[in-house]
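Thanks, everyone; please have the sequence and the model open while I talk. I will go from the whole chain down to single sites, and I will give the cut-offs as the terms come up.

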Amino acid sequence: MIDVEDLIALVRNYNPRSNSDLIRDAYEYGMRMHEGQFRHSGEPYFTHPIAVAAILTEMRLDDSTIVTALLHDTVEDTRSTKSEIAQIFSPEIADLVDGVTKLTNLELSSTQSKQAENFRKLFMAMSRDMRVILVKLADRLHNMRTIRSMRPEKQVKKARETMDIYAPLAGRMGMQWMREELEDLAFKVINPEARNSIIRRFVSLQKESGDIIGQITADIRNELDREGIDADVFGRAKKPFSVWRKMQEKQLAFSRLSDIYGFRIITRSEADCYRALGVIHHRWRAVPGRFKDYISQPKSNGYRSIHTTVSGRDGKRVEVQIRTRQMHEVAEAGVAAHWAYRDGVRTKNPFAVDPAAWIDTLTDRFEGEDHNEFLEHVKLEMYQDQVFCFTPKGDVMQLPKGATPIDFAYAIHTRLGNSCVGAKIDGIRVPLWTRLKNGQQVDIIAASGQRPQATWLDIVVTGRAKAAIRRSLREEDRDRFIRLGRELVRVSFEHVGRKATDKALRTAAKHMGVDGAEELLARIGSAEHSAKEVLDVLYPELADQQEELEGRPIAGLEADAAFTRAGCCSPLPGERIVGITYRGKGLVIHAIDCPVLAEYEDSPNRWVDLQWRDGRHPAAYSTTLDLTIRHDAGVLGRICTLIGQQGANISDLDFKDRKPDFYRIEMEVELRDHEHLHAVLTALEAESDVAQVSRIRNPDLKP
Ligand code: MN
């Protein structure tokens, strides 16, 4: 256990002006609060907050962040409160601890990868100060380092969460070392066999070739010395998970990977970066296509470095990154570089990711403001116009700020919205006009026979809810119900070669216990009964025939209704859809966000609420992709193979543009569903010869 004086020394190392008394008070307070609590490993609980604080000293963070780390579990797990912390320490520290507690309280029950992006956004939205995320990441890092003392099932759950949410979050914040370590710790739990086999390969490689890293490092250093370039050289083997991911992405065997070892040259000046590059290229052969100059063209997150890959006489390739010390700090620390100290003062690293630029929406200028004040007011505005709430099953719904439980209900399903009578937030009944907040769990109470109220139109904020409510209000007009029912019945009857006469409808109504033909039509129009039920009553001999149609891909369709996917949006199974009736064409299925739908706003009778059926669909839904690939004989072949490996067919290829370097292609592929599309896009994006890939939706191709 790191004692308090050791911790203070760690902080003093980079920040001699640190307030040692504050850290000492927090240490003693935390230790007192957690007294009698133990970790799974049997150690005193307080060893954990101390370890988290120590991790944050490696990032050279300010006193408030270190103190927050020491206190981060007190409000959650002890009798300590936010107001007590505000009183003893400061309101700023109380806010930071409260932020960490809120993130801890998010029960990440749904770890499906498709939800991961929403979780990451939720994290950002809930952390008004980025230091909250830094503490939370350090907390997760220490928990992952000590994960072995947990129950095995819990280990897997935590590891998946780390892989899906925390590691990408660290990456997004520009903290590469943390991302790599989190990934590798999770990899160790999720796929230990794969990890061990990679480590064994490293060991046998070292037996064959000796200390490769040491040899190459010495070679590089010699060359630099000869030119009088003052620089540090570091070599390292890539983390097993990075190697594994590369092998997966590139479909390469270990022996063919060129990125197993990486070398860094840290120079004293920018000019020396280019001199060092010259030395490297003079001594070893540069591999074509692998040179990148992020110094003259920095990445948007502030990353600066020169990358090149060279091959030695034995043909082995190594990657070399060249940058200055300041550039290196930004590459490692990411946004944390903004809070970092060097020699006792807050660093003003000119390359550090400007959180304002990073946040992108925050336009307040940095210049002229007091540096410290600016840092204390850095807010994560990125997702501030959205709220993220959970369904009872743990799925995250993303809604605009100001959304109500009614919006939430309509976002799940129109039927749920229409039948909504109340809502519970975190288990407590609330009025329907309540504005939702981040992280709340919303449970919609529905009752059949309920209709949307006109007053709802003033409460809701989403267009989807507004349109559905308006539609429903109009539909309350019984005449329209009847007309819609008549139309549905007519189409169904015609399809089986019968006529829906008044007499036939009266007979059916009688059999079904409905009061007259008009009432029956109204009920069909309002989806209480279906045209199929009427056909079943009148023509039971047709039932077998209809049975075959039961296995249709879309739920909510009349069994005999013809349907087509709209060319404008070509919706895939898994995407939200709506049907529009077209005379003579039956139903045309649109994606719910298709812009073409706006044209039918005023024809509510033509809207039919539909859903794709769950389960596996055949790979038969064509989708058009827009691809830009490197112009090279082998590339197109490899891409076709890649798509085949994903279980998708290519049904059409159209060359749109041939430049000397690149091809632009429109490719039609046949897919199973939305997730399948995602898998294909991911596989293509991972391919280094694909410059760009996206799905094409063409609103001009109206039905
Ligand atoms: Mn913790």
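The chain exposes about 33800 Å², and carbon and sulfur atoms supply 47% of that area; accessible areas here come from the Shrake-Rupley method with a 1.4 Å probe, and for residues only the protein chains shown count as cover. This is a predicted model, in which local features need pLDDT of at least 70 and side-chain atom pairs count only at pLDDT 80 or more, while totals for chains, interfaces and linings use all residues. Residues are numbered from 1 along each chain as its sequence is written, and side-chain values use heavy atoms, with hydrogens and water left out.

Of the 703 residues of the chain, 50% count as buried, where buried means under 20% relative accessible area, exposed means over 50%, and partly exposed lies in between, with a 1.4 Å probe and protein chains only. The chain has 29 helices and 22 strands, which are DSSP runs numbered from the N terminus, helices being H or I with at least four residues and strands being E with at least two. Of the contacts in the chain with a separation of 6 or more, 66% are between residues 24 or more positions apart, a contact being heavy atoms within 4.5 Å.

Let me turn to the metal site. Which residues coordinate the manganese ion? The ligands are His48 and His72, each through NE2, together with Asp73 and Asp139, each through OD, at 2.2 to 2.4 Å. Donors are N, O and S atoms within 2.8 Å of the metal (3.2 Å for Na, K and Ca), and water is not among the atoms, so sites may look incomplete. Along the chain, the donors of the manganese ion follow the spacing H-x23-H-D-x65-D. His72 is buried, at a relative accessible area of 0%, and Asp73 is buried as well, at 5%.

Next come the aromatic side chains. A search of the whole structure finds eight aromatic pairs; rings of Phe, Tyr and Trp (for Trp, the six-membered ring) pair if their centres lie within 6.5 Å, with planes under 30 degrees apart counted as stacked, over 60 as edge-to-face and the rest as tilted. One of these pairs is Phe187 with Phe241, whose ring centres are 5.1 Å apart and whose planes are at 65°, so this pair is edge-to-face. Because Phe187 lies in helix α11 (residues 176–190) and Phe241 in helix α14 (residues 240–250), the pair ties together parts that are 54 residues apart in sequence. Phe187 counts as buried at 2% relative accessibility, and Phe241 does so at 11%.

A further edge-to-face pair is formed by Tyr582 and Tyr600, at 5.8 Å centre to centre and with 85° between the planes. Tyr582 lies in strand β16 (residues 577–582), and Tyr600 in the loop between β17 (586–591) and β18 (607–612), so this pair ties together parts that are 18 residues apart in sequence. Both Tyr582 and Tyr600 are buried. The ring of Tyr582 also has the charged end of Arg606 over it, 5.1 Å from the ring centre, and the charged end of Arg498 sits over the ring of Tyr539, 4.6 Å from its centre. For a charge to sit over a ring, NZ of Lys or CZ of Arg must be within 6 Å of the ring centre and within 35 degrees of the ring normal.

Now the cysteines. How many disulfides does a search of the whole structure find? The search finds zero, a disulfide being a pair of cysteine sulfur atoms within 2.5 Å. For Cys594, the closest cysteine sulfur is in Cys568, at 3.6 Å, which is too far for a bond. Cys594 counts as buried at 6% relative accessibility, and Cys389 counts as buried at 0%.

I will finish with two single residues. Ile425 is located in strand β11 (residues 420–425) and counts as buried at 8% relative accessibility. Leaving aside neighbours within four places in sequence, Ile425 is in contact with Val430, Thr434, Leu436, Gln440 and Gln441. Ser18 is in the loop between α1 (4–14) and α2 (20–33), and Ser18 is buried, with a relative accessible area of 3%.
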